[in-house]
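Here are my notes for someone opening this structure for the first time. Have the model on screen while you read.

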Amino acid sequence: MIQQFLTRHTASLSQLAKFCVVGSSGVLVNLFTAYCVKKVAPLVISGAEVENVWITIPGTSFALRWFMVFSMIAFVVANVWNYQFNRLWSFRSNSHASWWKEFLPFFTVGLIAQGLGMILELALMHPGSPIGLSEAIFDNTTGFRTKWYWAHMIMVCVTVPVSFLLNKFWTFRAIRTPDVDVDPTKEG
């Protein structure tokens, strides 16, 4: 049974492994970009600190925070990185479809995952959340104790499996082939 599974899904497992390598490099790109944006933004924009309000949502008591902006910038940079690397290596689709034809679905998948991830990131950052990261541990005194870095890393890692499945079966469908050839004239 395991042998049948491996025989049938070897190509998919290989793609998953490559996707994970690309995803890991993308996580590093994302985290590095997030770190740089967090360091540079307050120097360029007054008040652009992680937990400060970026913009209030009119008519509500809600606000978007700078960490959400930083997260989106890191997402865009890492998304383009991951797309190009996956296109050339994981799915080898660069000769099957135009760059934009695959990028738009890839970016859409990324936005869906990012949206879900930002809900998680917000819950991890919010002091009143049941899954909020402890301020006693993550007190922002050092890089390793910076609450947002951990929330952001957790968010990125949780969204990788969702991205893989959506990208495999939607974005890069032009290169997808059946794992097992089925002869329609034979039964069973």
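1. First, some ground rules. This is a predicted model, where local features need pLDDT of at least 70 and side-chain atom pairs count only at pLDDT 80 or more, while totals for chains, interfaces and linings use all residues. Numbering starts from 1 along each chain as its sequence is written, and side-chain values use heavy atoms, with hydrogens and water left out.

2. The overall layout. The protein chain has four helices and two strands, arranged along the sequence as α-β-β-α-α-α. Here helices (H or I, at least four residues) and strands (E, at least two) are DSSP runs, numbered from the N terminus. Of the 188 residues, 36% count as buried; buried means under 20% relative accessible area, exposed over 50% and partly exposed in between, with a 1.4 Å probe and protein chains only. Among contacts in the chain with a separation of 6 or more, 63% are between residues 24 or more positions apart. Contact means heavy atoms within 4.5 Å.

3. Now look at α2 (residues 66-90) against α4 (residues 147-171). Their axes come within 12 Å and cross at roughly 45°, which makes α2 oblique to α4. Axes are lines fitted to C-alpha atoms, for helices over the stretch in contact, and angles run from 0 to 180 degrees between N-to-C directions. Angles under 35 degrees count as roughly parallel, over 145 as roughly antiparallel, 65 to 115 as roughly perpendicular and the rest as oblique.

4. Which residues of α2 and α4 meet? From α2 come F67, F70, S71 and A74, and from α4 come W148, H152 and M155. The residues of this contact split into five nonpolar, two polar and no charged. Nonpolar covers Ala, Val, Leu, Ile, Met, Phe, Trp, Tyr, Cys and Pro, charged covers Asp, Glu, Lys and Arg, and the others, Gly among them, are polar.

5. α2 also packs with α3 (residues 99-125): the axes come within 9 Å and cross at roughly 145°. This crossing is right-handed. The contact of α2 with α3 involves 15 nonpolar, seven polar and three charged residues.

6. On to the rings: there are 16 aromatic pairs in the structure. Rings of Phe, Tyr and Trp (its six-membered ring) pair if their centres lie within 6.5 Å; planes under 30 degrees apart count as stacked, over 60 as edge-to-face and the rest as tilted. Y35 and Y149 make a tilted pair, 6.0 Å centre to centre with 45° between the planes. Y35 lies in helix α1 (residues 2-44) and Y149 in α4, so the pair ties together parts that are 114 residues apart in sequence. Y35 is partly exposed at 40% relative accessibility, whereas Y149 is buried at 17%.

7. W99 and W100 form an edge-to-face pair, 5.0 Å centre to centre and 80° between the planes. W99 is partly exposed at 30%, while W100 is exposed at 54%. Both belong to a cluster linked by ring pairs, together with F75, Y83, F103, F106 and F107.

8. Last, a strand residue: R65 sits in β2 (residues 63-65) and is partly exposed, with a relative accessible area of 30%. Leaving out residues up to four places away in sequence, R65 touches V50, E51, N52, V53 and W54.

Methods:
A crossing is left-handed if the near helix is turned anticlockwise from the far one by less than a right angle, and right-handed if clockwise.
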